[in-house]
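Student: Hi! Could you walk me through this one while I have it open on my screen?
Tutor: Happy to, let's have a look.

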Amino acid sequence: MAFYLGIDGGGSKTAALVTDENGAPHGRGLAGGSNHLRVGIETATRNIVQAVNIANVESGLAIRQIEYAYCGIAGSDHPEHHERVVDSLKTFFPRGNFIVDTDARIALTGAVGFGSGVVVIAGTGSVAFGRNEKGEECRAGGWGPIVGDEGSGYAIGRDGLVAILRAYDGRGPATLMTDLLCNEQDICNPADLPRYVYSASTRSDDIARIGEMVLEAAKGGDAVAHEIVDRAAHDLAECVIAVAQKLGIENESFPVAYVGGAFETGELLVGPMREKILAVAPRAHLSRPLHTPVEGAAMMAIRAAQSPRPTRR
């Protein structure tokens, strides 16, 4: 029996999955983030290796017994970044039997299979990625926390902190988020926020975790938090619409799967996002993904082994 490896490397965590040729799971591993743009190439590589080793131990396999590996790694889109990630993994995969790809593509495959559809991801970062029946693919969003990632956990968390500071200054309405920040983050004086936000040890995923607090406040009826979540929903919908229009499927029936921690709030975020998408693509149908991104990566490893391609392509 042949065994395959799927890797899902995001900004805050890395998941690995070993399956057989039928897709049955044999081992899983989890480690820290592996987007090298956020954690550095050495930490990213170490976390990938750690996740894979845990999965291999659970499956009772050695890395040499893996037929093929498919690595969906955040931050590997640009050719220069892609090459850097590939080079960092060559020692671990000396046979060259691996592919490095964007994490959005494995999420799409896991979410809707190999057919037409769109996946919208809202975790630490955000992106929409889609495919039509011709096999054409495109994306929208996913440009990082400074110039993009609208609707992501990071964006929701950042906007929540902005709202807390506006309330503290008297430039905006009072918000439940101020009390939640004190109770959950032990930051009881908003004037202390800059020291936390601009600290060298504070990363994007730390701000994204603040996003969970914003979602909690919105569920609790806080109007300011609800407005932030609604804005995030519309930003994510715009990404989905842009992808659908570029692929020419906005008038067709196609699945839109939503993936990522921000969607754990359910209809609070999904509801307004669905409304805006259906206004432009009325035959789209939103749903949870069929499979997880790491399962999508394992599916792609099985397919890639049937027609291997050079790791640098």
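**Salt bridges and cores**

Tutor: A search of the whole structure finds 13 salt bridges, a salt bridge being a side-chain nitrogen of Lys or Arg within 4 Å of a carboxyl oxygen of Asp or Glu. This is a predicted model: local features need pLDDT of at least 70, side-chain atom pairs count only at pLDDT 80 or more, and totals for chains, interfaces and linings use all residues. Residues are numbered from 1 along each chain as its sequence is written, and side-chain values use heavy atoms, with hydrogens and water left out.

Student: Which residue forms a salt bridge with Arg-28?
Tutor: That is Glu-295, with the closest N and O atoms 3.7 Å apart. The pair links distant parts of the chain, 267 residues apart: Arg-28 is in strand 3 (residues 25-32) and Glu-295 in helix 12 (residues 293-306). Helices (H or I, at least four residues) and strands (E, at least two) are DSSP runs, numbered from the N terminus.

Student: Where is the pair Arg-209 and Asp-205, and how far apart are the closest N and O atoms?
Tutor: Both residues are in helix 9 (residues 204-219), 4 residues apart, which means about one helical turn between them.

Student: Is Asp-205 buried or exposed?
Tutor: Asp-205 counts as buried, at 17% relative accessibility, while Arg-209 is partly exposed at 41%. Buried means under 20% relative accessible area, exposed over 50%, and partly exposed in between (1.4 Å probe, protein chains only).

Student: Which residues are linked in a network of salt bridges?
Tutor: Asp-101, Arg-105, Arg-131 and Glu-137 are.

Student: What does the side chain of Ser-76 reach?
Tutor: The side chain of Ser-76 reaches the backbone oxygen of Ile-73 at 2.6 Å and the backbone oxygen of Asp-101 at 3.1 Å. Asp-101 also belongs to the salt-bridge network.

Student: OK, switching topic. Which residues touch the most other members of the largest nonpolar core?
Tutor: Met-177, Val-256, Phe-263 and Met-273 do, in a core of 50 residues. Helix 10 (residues 223-247) gives the largest share of this core, 13 residues. A nonpolar core is a set of buried Ala, Val, Leu, Ile, Met, Phe, Trp, Tyr and Cys residues joined through side-chain atoms within 4.5 Å.

Student: And what does Phe-263 touch?
Tutor: Not counting residues up to four places away in sequence, Phe-263 touches several residues, including Val-120, Leu-236, Met-273 and Arg-288. Contact here is heavy atoms within 4.5 Å. Apart from this core lies another, of 23 residues, among them Ile-41, Ala-51, Val-52 and Ala-69.

Student: Last stop, Gln-65. Where is the place of Gln-65?
Tutor: Gln-65 is in the loop between helix 2 (41-59) and strand 4 (66-73), partly exposed with a relative accessible area of 40%.

Student: What does the side chain of Gln-65 reach?
Tutor: The side chain of Gln-65 reaches the backbone nitrogen of Ala-62 at 2.8 Å. Leaving aside neighbours within four places in sequence, Gln-65 is in contact with Phe-3 and Gly-60.

Terms used: Polar contact = N/O pair within 3.5 Å; in protein donor to acceptor, adjacent residues only side chain to side chain.
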